[in-house]
Each structure stands twice: as structure tokens, then as C-alpha cells.
Amino acid sequence: MKTKKFALALIPAITLALMACGGTPATNNAQAATKENNSSSSVNKPVNTQVDKNVPADVAKAITQTLQTNYASQNLQVLSITTTPITGLYEVVVSGKQITYTDATGQFMLVGDLIATKEGRSLTEERKAILNQVDFNALPFDKAIKEVRGNGALKVAVFSDPDCPYCKRLERELAKMTNVTIYNFMMPIPSLHADAARKAVQIWCQPNRTQVWNAWMREGKAIPKVAECANPVAETTALGESFGFNGTPTLVFPNGKTQSGYLPMPEMEIVIKQNQK
């Protein structure tokens, strides 16, 4: 039997030419096979699905049942259903806070940006900005690799994979800044980089983890071998996933906005400055 692949995150946004490693969940979803065996009993039980008051109850039920049945093998859950400016087209947010659009039955799906052509606005990007809001001050900064450059006035958190080439590019750009505090939360993606989780643990367990992180990410210097220690790598990976991050690097700004992908200087510094408060 041919297996359907739910690969929404592989579709690039048309409004930003950002580069990132990912498009797949950070974990290998090893429990997916176990969940698949129980999928028939959970298909019609959405988890906290939020339905806009303008969406008819029968439409919400049809969309939810159809999508969760068709993608039961991936344990997909429908998180929210709302109307759009197009009659008969519904915005459906699914697992990982991914935005898609369906008809009233859920039998037909569109993936991509919904554009208001008069203003040239991406309604999809605007919705993503709302869905992906993060309480910056509530982040567990004690579980991040912290670096203060210069006066450290600007702040940014980065969810990063130690083997992601775009994360390394981002780090080399951050090294050019002189007024920033960087909080790196390690989020290895084993499905893309098999050795990333081991490297993340090794980096965390170093006597000077910031120095080793920078040497590895920015200069390609080997990571000294040390004994494993108690580390937050699994926790920070799960945290990123809970925010719907499925690629690295993903930046979190003090105003709660997020951005996935690498940007070169000086554009990156401009974006960081614009999103402080």
C-alpha cells in the first residue's frame, strides 16, 4: 500500500527567501508506529480543536474526520478551523502549527500562501506570525548557550542544530554583531543529521560550552570529547517542537515574533532591531 506523505513544511514560503535545515519534525517520530495502531480509535477525537463561530459544526466535523483519517498514520491532529475571505475555503491549522486550506469536506487541500492581491499581503504569513507568538521572557534561558557580544543590548534566541549548515552560516553572521545577547537552544534534527544529538550533548557538557559552540559552529574546530553529563538537549528540542518549529535555525525575538531561516548581515541585524519590543 502506498503511504501518503504529509509534507506541508517542505513547501517554501513565497514571501521570504530564507534558508533553513528542516521541514520535518525534529524527532524521528519513533513512536509513530505505535500511535498508528491506535489511530482508528483517536481519529474522531480532535485535541482541543478551536473552531471559529462562523464555521458550521458539520463542516468542522467533516474536515476534522477526513484529515485525521487520511493522515492517521502520521497521527495528524486538527488544531483549529477558521473561515477565509474565499467562500467555501477554510483555514485549517494542523499538528506543528502548520497552515493549510481545505474545502468544506476536507477532501481537497491547498498548501501555500493566501495572498490579498490588492495590497500584496500574505494572509498566511500574517496568521503564522500570530500562531507562532512566543513568550520570550518565559524561555528557560538557563538551558541555553549564552553569548554576550559588546554591550549585549539587542537580544535574540535561536533554536539551532549543531550540524545544520544554515545554522553555521547564521552563527558566522552573528559573530559580526557587537551589541547582541544570543541564547542558543539546541534542537538537533536526527532525521537530517544523524550525529547532531550526540554533538549537542558533547557541546553542552564542555567546561566552556559557549567557547566550544562558537569554535565548532563558526570555525569548524573539532569538539573535544568529554564525558556525558546531565543536559537539556531533549527538553529544548521538545520545547522547539511545542512551538511548531520544524526547521533550524529558528529565531525568537523579545516581542514574541519568530522567524525561520538564515539571513545575511546587515539584513539580519535590521530584523533583530525591529523586533525587540
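Predicted model: local features only at pLDDT ≥ 70, side-chain atom pairs only at ≥ 80, totals over all residues.
Let's start with the disulfide pattern. Counting bonded cysteines along the chain, the disulfides run 1-2, 3-4. One cysteine stays out: Cys167 is in no disulfide. The nearest cysteine sulfur to it belongs to Cys164, 3.2 Å away.

Take the bond between Cys21 and Cys164. The S to S distance is 2.3 Å. Is this disulfide right-handed or left-handed? The torsion about its S-S bond is about 95°, so the disulfide is right-handed. The pair links distant parts of the chain, 143 residues apart. Cys21 sits in strand 1, residues 21-22. Cys164 sits in the loop between strand 10, residues 154-160, and helix 5, residues 165-174. Both ends are covered. Cys21 is buried, with a relative accessible area of 7%. Cys164 counts as buried too, at 0%.

Now the other one. Cys205 is joined to Cys229, with S to S at 2.1 Å. Here the torsion about the S-S bond is about -100°, so this disulfide is left-handed. Again the pair links distant parts of the chain, with 24 residues of separation. Cys205 lies in the loop between helix 6 (196-204) and helix 7 (209-219). Cys229 lies in the loop between helix 7 and helix 8 (233-242). Are these two cysteines buried or exposed? Cys205 counts as buried, at 14% relative accessibility. Cys229 counts as partly exposed, at 31%.

Let's step back to the whole chain. It has nine helices and 14 strands. There are 277 residues, and 45% of them count as buried. The accessible surface comes to about 14,100 Å², and carbon and sulfur atoms account for 53% of that. Now look at the contacts between residues at least 6 apart in sequence. Of these, 70% join residues at least 24 apart.

Five strands form an open sheet, in the order 2-3-4-5-6, with mixed pairing. Which strands are at the edges? Strand 2, at 50-51, and strand 6, at 109-110. Each of those pairs on one side only. As a reminder, strands of a sheet pair through backbone hydrogen bonds, either parallel or antiparallel.

Walk across with me. Strand 3, residues 78-83, pairs with strand 4, residues 90-94, in the antiparallel sense. That pairing has five bridges. In strand 4, Val94 is the bridge partner of Val78.

Move on one strand. Strand 4 and strand 5 are antiparallel as well, over five bridges. Glu91 stands opposite Tyr101 in strand 5. The hairpin of these strands has three residues between them. In that hairpin, Gly96 takes a positive phi near 80°.

Now strand 5 to strand 6. This pairing is antiparallel, over two bridges. Tyr101 comes up again: its bridge partner in strand 6 is Leu110.

Five of its five residues are buried, so strand 5 is largely enclosed by the rest of the structure. Both of its faces are covered. On one side are Gln98, Thr100 and Thr102. On the other are Ile99 and Tyr101.

What lies against these strands? Helix 4, residues 123-131, lies across strand 4 and strand 5. Helix 4 runs at about 135° to strand 5.

Then there is helix 3, residues 57-70. How does its length check out? At 1.5 Å a residue, the 14 residues of helix 3 should span 20 Å. The end C-alpha atoms are 20 Å apart, which agrees. Buried residues in helix 3 include Val59, Ala60, Ile63 and Leu67. Thr64, Thr66 and Gln68 are buried as well.

The edge strands are strand 2 and strand 6. Helix 3 packs on this sheet, touching strands 2, 3, 4, 5 and 6. The direction of helix 3 makes about 140° with that of strand 3.

Notes
Residues numbered from 1 in each chain as written. Heavy atoms only, no water. Helix = DSSP H or I, 4+ residues; strand = E, 2+ residues; numbered from the N terminus. Buried < 20%, exposed > 50% of the residue type's maximum accessible area, 1.4 Å probe, protein only. Contact = heavy atoms within 4.5 Å. Areas by Shrake-Rupley, 256 points an atom, 1.4 Å probe, with all protein chains shown as cover. Expected span 1.5 Å × (residues − 1). Pairing = 2+ DSSP bridges. Axes fitted to C-alpha atoms, helices over the stretch in contact; angles between N-to-C directions. Disulfide = S-S within 2.5 Å.
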